[in-house]
Amino acid sequence: LLQTTKSKAHEVEEKLASAETTKLSINEKREQYRPVATRGSVLYFAIVEIGAVNPMYQTALSQFIDIFMNSMDVAERASLASKRVGNIILTMTELAYHYINRGLYEDDKLIFKLLVTTKILVTAGDLKQSEIALFLRGGAALDINSEKRKPFSWLQNEHWLNILELSRGNKFFSNLPSEMSANEAVWRRWYEDNEPESIAIPDYESRIAEQGAIGGFLKLTIIRMLRTDRLNICCREFISSTPQMGPKYVAPVTYTMESIYDEMEAATPVIFLLSRGADPTEQLEQLARKRKLPTPFVCSLGEGQDVVALRALNSAATAGTWVLLQNCELMIEFMDTFEELMAGYVEAGLEENFRLFLTALPHKEFPLGLLQMSTKVTNEPPAGLKAGILKSYTVLVDQDRLERVDMPQWRQLLFALCFLHSTVQERRKFGSLGWCVPYE
């Protein structure tokens with residue numbers, strides 16, 4: 001019995017030693033993949049924060065987890081763990097970007113890209129949170145009457161306060177006021193240039209270049225303090241030049257109705273966030289015809305239309321057809337029932353071909369549960385002439401239309417029409433000035 005006990009004790013000791021070795025091996029492997037989790041947390045909290053810009057941008061953790069898990073399946077395989085981790089991070093960042101970007105209004109897309117970029121740099125230790133805070137607030141907290149008198153008449157009061165705050169909050173620019181005073185003519189020429197971001201920054205160009213990873217942010221900061229009107233252009237350059245992001249994150253992107261439909265599931269509605277002149281109804285009907293499916297049932301919500309919509313939903317859930325409910329912000333109380341309604345359909349056995357599309361203007365009381373269970377898509381003209389032409393060729397002009405007429409003039413006329421359409425879309429943003437009508 002004693003011999004058996006000794007044998008068992010020895011066996012247990014060996015298993016404990018083996019378990020300890022296995023534990024160390026697992027921990028080592030797990031640590032190799034920690035950068036993936038780090039990037040995931042950065043992306044998720046950027047997505048959460050963009051929700052403060054517009055109440056319709058709310059995204060559930062479960063939606064992000066789906067993106068996180070999918071990135072591991074989609075990312076390119078590699079034998080080396082470091083290479084595999086890099087592939088997953090790149091794929092995850094791109095998938096999360098496209099998922100959120102297509103549900104943002106044009107005015108907010110650059111904010112999201114900049115938010116992601118700065119969070120990545122802060123997490124990597126290249127930037128400090130205090131530097132981001134300084135970039136955001138500038139000299140807004142200072143009083144021009146309580147500060148040192150500005151030495152130049154050509155400099156605006158707001159920009160002088162920005163310079164003072166920057167010199168106090170960032171050691172790199174601690175001598176900025178005195179350097180501007182000593183080299184006034186060059187600074188004034190840079191300050192009044194039409195494109196200051198494209199020429200050398202006086203006294204700082206070479207020093208910024210030596211700063212490596214944060215050089216782009218330092219340039220962005222000085223532009224923000226002195227030439228806010230050029231900030232959007234500089235933000236795009238900064239995002240494009242950041243190694244963790246790159247040019248593809250500032251290139252124009254067009255999301256077609258086909259790509260949105262291909263990613264849909266029966267239990268996941270799509271909410272089109274409306275803007276002036278944007279209506280996805282025609283595109284949905286064209287997609288249904290192209291897929292040889294029944295025409296979607298369209299219902300514009302308003303007083304008494306909830307009964308009609310509910311009847312159509314019950315029928316479509318069993319028949320596997322499409323339903324489009326327009327102007328959902330007009331019936332918030334009806335929208336409050338949708339989370340429970342969809343759960344009931346799933347429990348009863350939802351037909352896999354069923355699709356639910358909603359259109360709505362932003363509304364602060366729009367149900368959070370419905371927003372978090374849905375895919376958001378905006379349907380407005382993209383920003384920029386190139387992006388507008390690309391969308392025309394992607395959405396409005398398909399291959400059949402291109403090949404409909406076998407004459408070289410046809411394609412030339414088609415391009416001219418798309419170019420004119422994109423130009424008109426861009427000019428609309430400038431109000432009467434866009435049509436060369438001077439202010440009275």
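1. Thr 359 counts as buried, at 2% relative accessibility; buried here means under 20% relative accessible area, exposed over 50%, and partly exposed in between, for a 1.4 Å probe and protein chains only. Its place is in strand β4, residues 355–360. Strands (E, at least two residues) and helices (H or I, at least four) are DSSP runs numbered from the N terminus. The model is a predicted one, in which local features need pLDDT of at least 70 and side-chain atom pairs count only at pLDDT 80 or more, while totals for chains, interfaces and linings use all residues. Residues are numbered from 1 along each chain as its sequence is written, and side-chain values use heavy atoms, with hydrogens and water left out.

2. The side chain of Thr 359 reaches the backbone nitrogen of Asn 327 at 3.0 Å. Beyond the neighbours within four places in sequence, the residues in contact with Thr 359 (heavy atoms within 4.5 Å) include Phe 272, Leu 274, Pro 280 and Leu 324.

3. Gln 63 belongs to helix α3 and, at 9% relative accessibility, counts as buried. Its side chain makes a polar contact with the side chain of Tyr 99, at 3.0 Å. A polar contact is a pair of N or O atoms within 3.5 Å; within protein, one must be able to donate a hydrogen and the other to accept it, and residues adjacent in sequence count only if both atoms are side-chain atoms. A polar atom of the Gln 63 side chain also lies 3.2 Å from the backbone oxygen of Gln 372. With neighbours within four places in sequence set aside, the contacts of Gln 63 include Leu 371, Met 373, Ser 374, Thr 375 and Lys 376.

4. How many aromatic pairs does the rule give? The count comes to 19, where rings of Phe, Tyr and Trp (its six-membered ring) pair if their centres lie within 6.5 Å, and planes under 30 degrees apart count as stacked, over 60 as edge-to-face and the rest as tilted. Tyr 44 and Phe 64 form a tilted pair, 5.7 Å centre to centre with 45 degrees between the planes. Because Tyr 44 lies in helix α2 (residues 34–50) and Phe 64 in helix α3 (residues 61–74), this pair ties together parts that are 20 residues apart in sequence. Phe 64 counts as buried, at 6% relative accessibility.

5. Tyr 261 and Trp 322 form another tilted pair, at 5.1 Å centre to centre and 45 degrees between the planes. Tyr 261 is in helix α13 (residues 257–262) and Trp 322 in strand β3 (residues 322–326), so the pair ties together parts that are 61 residues apart in sequence. Both Tyr 261 and Trp 322 are buried.

6. A cluster linked by ring pairs takes in Phe 172, Phe 173, Trp 187, Trp 190 and Tyr 204. Arg 207 lies over the face of Tyr 204, 4.3 Å from the ring centre; a charge sits over a ring if NZ of Lys or CZ of Arg is within 6 Å of the ring centre and within 35 degrees of the ring normal.

7. The largest pocket holds about 1,300 Å³ of space. Of its 41 lining residues, the closest to its centre are Glu 106, Asp 107, Lys 109, Leu 110 and Arg 236. Helix α5 gives the most to this lining, with 11 residues. On a 1 Å grid over the protein atoms alone, a pocket is an open set of points with protein on both sides within 12 Å along at least five of seven lines, a cavity is a set where a 1.4 Å probe fits but cannot get out, and lining residues have an atom within 4 Å of a point. Grid points are joined across faces, edges and corners, and a volume is the space filled by probe spheres set on the points.

8. There are three cavities of 30 Å³ or more, and the largest cavity has a volume of about 210 Å³. Among its 18 lining residues, those closest to the centre are Tyr 255, Thr 378, Asn 379, Glu 380 and Lys 391. The elements giving two or more residues to that lining are α5, α13, β5 (375–378) and α19.

9. Asp 203, although not a glycine, has a positive phi of about 70 degrees. Asp 203 sits in the loop between α9 (184–191) and α10 (205–209) and is partly exposed, with a relative accessible area of 33%. Lys 292 also has a positive phi, near 55 degrees; Lys 292 lies in the loop between α14 (281–290) and β2 (297–300) and counts as exposed at 77% relative accessibility.
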